[in-house]
Amino acid sequence: MAPARHIPNSAVLQTLEEIVRESHQSYVVGGAVRDMLLGAGVLDWDVVTDLDGFTLARHLAQSRPAELTFVALDEERGVGRVVVRDGRDVIDIAQIQENCISRDLLQRDFTVNAMAIDLKYFLHGEWPEVIDVTGGMADLGRRLVRRCGPDSLTRDPIRVLRAFRFAASLGFSITPETLTAAATSAPMLAGVAAERIRDEFMGILRAPTGVCFLREMDAVGIMDLLFPEVVPMKQCEQNAFHHLDVWGHTLAVVEEMESFFTHGKRVFASFWEHIADYLSHSIVPGRPKFTLVKLAALLHDSGKPQTRFVDEHGKVRFFGHEALSATAAENVCERLKLSRKETRCVVDLVKGHMHASILADESMSSRAMRRMSRSFGSDLIGLLLLFLADMKASKGTARLPGQDALALKNVFHVLEYTLEQQKTPLAEPFLSGRDIIELFCLQEGPAVGALLLDLQELQEAGRIATFQQALIAAAELAPSHGKAYQKK
């Protein structure tokens, strides 16, 4: 297997040439070599030299400040980063461990990441044989993730998760001995920084078939260690709407979600373009919305074990589980150090997933549809996807035939309404909250907002077209909101 002839852009090429001139030994290593062997483009370049990589990276960036930016990675270990100003290409520079490329490669994580090419030959296009002391080329051909040695995972425990992330992103399998080592080393993850765990775990969720690797992680006990919330979900039996326990159902929901992403154009037809735009949007670079939607799917029923009870008719109930699930989701997001906006997105989807159940009702009203559209705003699409995946993963005897098709039809109605509203800005309301309080001598409180929402819906439906009509409608509606509208 020969490397693909990948030609770096001019800024990267000039930087690699400068590394060769500055050093006696320099090699392209790791993921860059792996990706070239796979015929993929390279944006992240890993280079090792006989010089201090931290100092060299800083020197290179300072010599060309208009093109390059220096990022300090690990001064103690001699590792620095150069970022090309276009933001696409990154060059990590490290000092060769033990001043020997073979020993350096033996200390890396996985065999497919433990290959090297002499940089000067690479730049001259001579393409010498790849330096491969761990059998990485053979494993690449067999599509396997294998640890480099007995202490590969204990050397840096984050590699436990990285094995699954690489396998998920590359579509590879993890060798049995590496899985066994991952299970043994998993407790050491407790000492790893939350940000590193977040990046690897979200990378697993980013893969098109990440659920396969969530199941593998679960089988060797890693999910229980990372997310204690999972443990009570296992063997928590559900009602007749479900054919699986809570945890089995949860993984099935994630799987259905991934199926939507893969077959979205066929399932959602003309709506898919808008859905795809939503899913690809990133609040934080590198973590697109679809990873957050999958995380919400993973946690949407985490509150069920605490709320489970059997009513007087022998039916299993989970009243209020969405609120506890939302609390659990918030705790997980905080542990993973997600941003506040990302956390809000996940929590809102989890907390609201039961509200979407009206979409399975034949008699869903236009008013309910409009309220749902307004309530969830920019994350409405995420909520609709979670609802549909939840429905498809529920195959108990109480699920009525044709309910999935009905739900999809109602989802289309909500999407159609929402997209139409985006084209036509909402008209200004005739009355404000302050107007209502003063005109009717009412108490301040949340119910004022409820009355405003009622008026807005009437205005959208064309039943209010003037200030006078708004006043009449407000006077008629105020008493129906109960004690909150008692006069001062």
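Modeller: A pocket is an open set of grid points with protein on both sides within 12 Å along at least five of seven lines. The second largest pocket in this predicted model holds about 700 Å³ of space.

Colleague: What makes a residue part of the lining of the second largest pocket, and which lie closest to its centre?

Modeller: A lining residue has an atom within 4 Å of a point. By that test 25 residues line the second largest pocket. Closest to its centre are Asn 239, Phe 241, Met 354, Ser 357 and Arg 399. β13 (316-317), α18 (321-335) and α21 each supply at least two lining residues. The largest share, 3 residues, comes from α21.

Colleague: How does the lining of the second largest pocket divide by class?

Modeller: Into 10 nonpolar, 8 polar and 7 charged residues.

Colleague: How much space lies in the largest pocket, and which residues lie nearest its centre?

Modeller: About 2200 Å³. Its lining has 49 residues, with Asp 46, Arg 81, Asp 92, Arg 162 and Arg 165 nearest the centre. Asp and Arg count as charged, so those five are charged residues. By class, the whole lining has 22 charged, 17 nonpolar and 10 polar residues. Among the elements that each supply at least two are β2 (44-49), β4 (79-84) and α8 (159-170).

Colleague: Why is the set of residues around Phe 201 called a nonpolar core?

Modeller: The name needs buried residues of listed types, Phe, Leu, Met and Ile among them, joined through side-chain atoms within 4.5 Å. The largest such core has 124 residues, and Phe 201, Leu 214, Met 217, Ile 222 and Leu 295 have the most contacts inside it. Therefore these five are buried, under 20% relative accessible area. Helix α21 (residues 380-392) gives the most to this core, with 10 residues. Phe 201 touches residues including Leu 214, Met 217, Phe 227 and Leu 298.

Colleague: Why is β6 said to pair with β1 and with β7?

Modeller: Pairing needs at least two bridges. Strand β1 (residues 26-29) and β6 have 3, so they pair, in the antiparallel sense. Tyr 27 has Asp 118 as bridge partner in β6. β6 and strand β7 (residues 131-132) have 2 bridges, so they also pair, again antiparallel. The partner of Ala 116 in β7 is Ile 131.

Definitions and conventions: Residues are numbered from 1 along each chain as its sequence is written. This is a predicted model: local features need pLDDT of at least 70, side-chain atom pairs count only at pLDDT 80 or more; totals for chains, interfaces and linings use all residues. Side-chain values use heavy atoms; hydrogens and water are left out. Buried means under 20% relative accessible area, exposed over 50%, partly exposed in between (1.4 Å probe, protein chains only). Helices (H or I, at least four residues) and strands (E, at least two) are DSSP runs, numbered from the N terminus. Contact means heavy atoms within 4.5 Å. On a 1 Å grid over the protein atoms alone, a cavity is a set of points where a 1.4 Å probe fits but cannot get out, and a pocket is an open set with protein on both sides within 12 Å along at least five of seven lines; lining residues have an atom within 4 Å of a point. Grid points are joined across faces, edges and corners, and a volume is the space filled by probe spheres set on the points. Lists of a residue's contacts leave out its neighbours within four places in sequence.
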